[in-house]
Amino acid sequence: MNNFDDLRRTLPTGLWIDGEQTAAVDGGVFAVQDPATGAHIADVADARVKDAVRALDSAERVQEEWAATAPRQRSTILRAAWERVIDRTEDFALLMTMEMGKALAESRGEVAYGAEFLRWFSEEAVRIQGRYTTSPSGNGRILVTKVPVGPTLAVTPWNFPLAMGTRKIGPALAAGCTIIVKPAEDTPLTMLLLAEVFAEAGLPPGVLSVLPASDAVAVTEPLLADPRLRKVTFTGSTRVGKILIGASAENVLRTSMELGGNAPFVVFDDADVDAAVDGAMAAKMRNGGEACTAANRLIVANSVREEFTSKLTARISALTLGPGTDAETDIGPLVNEKQRRNVATLVDDAVAAGARVRTGGHSVDGPGYFFEPTVLDNVPANSLITTQEIFGPVAAITGFDTEAEGIAAANATEYGLAAYIYTQSVDRAFRVADKIDSGMVGVNRGVISDVAAPFGGMKQSGLGSEGGTEGIEEYLETKYIGFA
Ligand code: ADP
């Protein structure tokens with residue numbers, strides 16, 4: 001049982017423009033469903049071009065004023081929003097579980113993590129630094145300041161409906177930028193509730209807009225082509241990231257891109273195998289595997305591979321699959337049928353190529369988009385599952401012998417977001433971490449996301465960082481003023 005019916009009656013479902021809910025220009029709506037049942041849970045206003053332009057009009061109208069607010073005032077608003085989100089943890093958690101599917105415990109974890117970006121950037125808002133120095137020649141003084149980039153478009157994915165928004169909204173507001181968020185069509189409700197919370201926290205109208213849309217291109221294209229927009233920040237697939245980078249060229253927009261991953265999880269022969277299994281459970285099964293940092297390839301030294309695989313199989317086959325709202329559920333459904341079909345295709349391809357199913361391997365019949373928690377061993381190096389993001393509860397294991405082979409296997413991808421290594425040797429940990437081409441490396445830990453650390457990828461995994469002291473820089477321009 002859950003009390004979603006009570007919550008539903010109070011949820012904002014209109015577009016959020018200029019500090020209030022509003023219908024789409026043509027009155028259009030689109031449906032949001034519960035992935036555990038396929039049931040319709042809400043109709044949400046469906047933004048069109050004119051709505052997008054309206055949102056940018058309001059962002060542009062207040063940009064100068066917002067940029068000129070006292071940093072302490074921006075900080076106070078962010079802090080108040082953090083408090084309100086935390087106060088409403090149960091509402092946000094239930095809402096995310098209903099529209100995205102993850103288990104309630106995971107949703108509660110995301111509320112804490114997602115809200116933390118608001119608190120962190122409330123603290124960063126008052127620490128934007130500049131520089132003052134004398135020219136080496138002695139003929140002039142150099143003043144360096146930071147100014148907000150300006151109106152920003154954020155396009156976010158469905159896998160972390162709150163945190164992927166706050167990671168962009170937090171630093172944008174702290175820096176003095178206005179921001180328009182286009183949430184994923186599967187999970188628009190969480191961002192709309194956040195917009196309402198921000199209004200209660202005192203955010204002036206126009207600074208934040210939220211534009212749910214069934215046609216992402218129709219809404220984002222005109223904004224990207226409008227010279228008033230100055231930045232686009234995106235989290236999602238590399239395919240769409242490339243489209244947005246291309247579209248950004250016309251007006252030379254600042255871009256921040258958090259794109260796809262293909263994280264290696266490398267277990268060396270000197271690893272603590274039990275710790276590695278614990279880490280793999282987190283790195284693989286967190287969020288049902290629907291995370292860009294999820295361990296996509298478990299690359300395990302052959303001398304410990306069977307021990308690791310059998311222990312991991314025991315843990316994964318004991319997971320409870322079910323609706324995220326059930327207290328005993330460990331793994332919820334996948335977000336939609338397309339995602340489930342994709343996971344099934346990758347598993348079938350790997351099995352056809354010679355992978356061995358140790359547990360799971362199939363979609364579950366009945367309502368909802370469930371896929372069995374799965375372990376595959378002997379996965380051939382060139383199968384689709386090792387080259388594409390799985391985004392599901394499937395652990396794909398391959399073996400290696402020497403350290404050099406392990407590193408080469410880890411780097412054999414055009415992605416470079418997260419990587420995990422397990423070893424008890426400090427020398428090896430530093431040596432290998434140095435050689436792995438990814439923006440984030442976890443050593444003997446399966447979860448590395450941290451609000452105080454820069455989250456970002458190398459290679460085709462993206463551009464720029466979110467969080468940490470680096471995150472706010474993405475929303476600031478550097479300006480030099482020369483004095484005689
Ligand atoms: P996923 O494959 O995880 O759904 P996508 O990259 O397709 O990730 O989607 C992430 C976000 O990008 C969503 O908000 C989606 O609506 C949006 N999106 C998808 N295609 C485009 C596009 N061509 N232009 C702009 N936004 C897009």
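Visitor: Let's start with Gly150. Which residues does Gly150 touch, leaving out those up to four places away in sequence?
Guide: Happy to start there. In this predicted model, Gly150 touches Gln63, Cys177, Thr178 and Arg230, not counting residues up to four places away in sequence.

Visitor: And where does Gly150 lie?
Guide: Gly150 is in a loop, the one between β6 (141-148) and β7 (152-155).

Visitor: Buried or exposed, that Gly150?
Guide: Gly150 is buried: its relative accessible area is 5%, and the cut-off for buried is under 20%.

Visitor: OK, on to the ligand. Which residues come nearest?
Guide: There are 16 residues around the ligand, and Thr156, Trp158, Lys182, Glu185 and Ser237 come nearest.

Visitor: How much of the ligand does the protein bury?
Guide: The protein buries 82% of the 550 Å² that the ligand exposes when taken alone.

Visitor: Which pocket is the ligand in?
Guide: The largest pocket.

Visitor: Which helices supply at least two residues each to the shell around the ligand?
Guide: Helices α8 (216-225) and α9 (238-248) each do that.

Visitor: Now Phe234. Where does Phe234 lie, and is it buried or exposed?
Guide: Phe234 belongs to strand β10, residues 231-235. Phe234 counts as buried, at 4% relative accessibility.

Visitor: What is Phe234 in contact with, apart from neighbours within four places in sequence?
Guide: Quite a list: Val155, Lys168, Val240, Gly241, Leu244, Ser256, Met257, Glu258 and Leu259.

Visitor: How far is Met164 from Phe234?
Guide: Their C-alpha atoms are 9.1 Å apart in space, and the two residues are 70 apart in sequence.

Visitor: Changing topic: what about the backbone at Val252?
Guide: Val252 has a positive phi of about 50°, although it is not a glycine. Val252 is in the loop between α9 and β11 (254-258), and with a relative accessible area of 63% it is exposed.

Visitor: And what is phi like at Asn287?
Guide: Phi of Asn287 is positive too, near 60°, and again the residue is not a glycine. Asn287 is found in the loop between α10 (273-285) and β13. Asn287 is buried, at a relative accessible area of 2%.

Visitor: Which backbone oxygen lies 2.7 Å from a polar atom of the Asn296 side chain?
Guide: The one of Gln388.

Visitor: Where is Ser383, and what does it contact?
Guide: Ser383 is in the loop between β15 (374-377) and α13 (384-387). Leaving aside neighbours within four places in sequence, its contacts are Asp349, Ala350 and Ala353. Ser383 counts as buried at 3% relative accessibility.

Visitor: Last one, Asp401. Buried or exposed?
Guide: Exposed, with a relative accessible area of 53%; the cut-off for exposed is over 50%. Asp401 is in the loop between β16 (394-400) and α14 (403-411).

Visitor: Which side chain does Asp401 join through a polar contact?
Guide: The side chain of Asn302, at 3.1 Å. Val300 is worth a look too: its C-alpha atom and that of Asp401 are separated by 8.6 Å, though the two residues are 101 apart along the chain.

Technical notes. Residues numbered from 1 in each chain as written. Predicted model: local features only at pLDDT ≥ 70, side-chain atom pairs only at ≥ 80, totals over all residues. Heavy atoms only, no water. Polar contact = N/O pair within 3.5 Å; in protein donor to acceptor, adjacent residues only side chain to side chain. Near = heavy atom within 4 Å. Areas by Shrake-Rupley, 256 points an atom, 1.4 Å probe, with all protein chains shown as cover. 1 Å grid on protein atoms, 1.4 Å probe; cavity = no way out; pocket = protein on both sides within 12 Å on 5 of 7 lines; lining within 4 Å. Sits in = over half its atoms within 2 Å of the grid points. Helix = DSSP H or I, 4+ residues; strand = E, 2+ residues; numbered from the N terminus. Buried < 20%, exposed > 50% of the residue type's maximum accessible area, 1.4 Å probe, protein only. Contact = heavy atoms within 4.5 Å.
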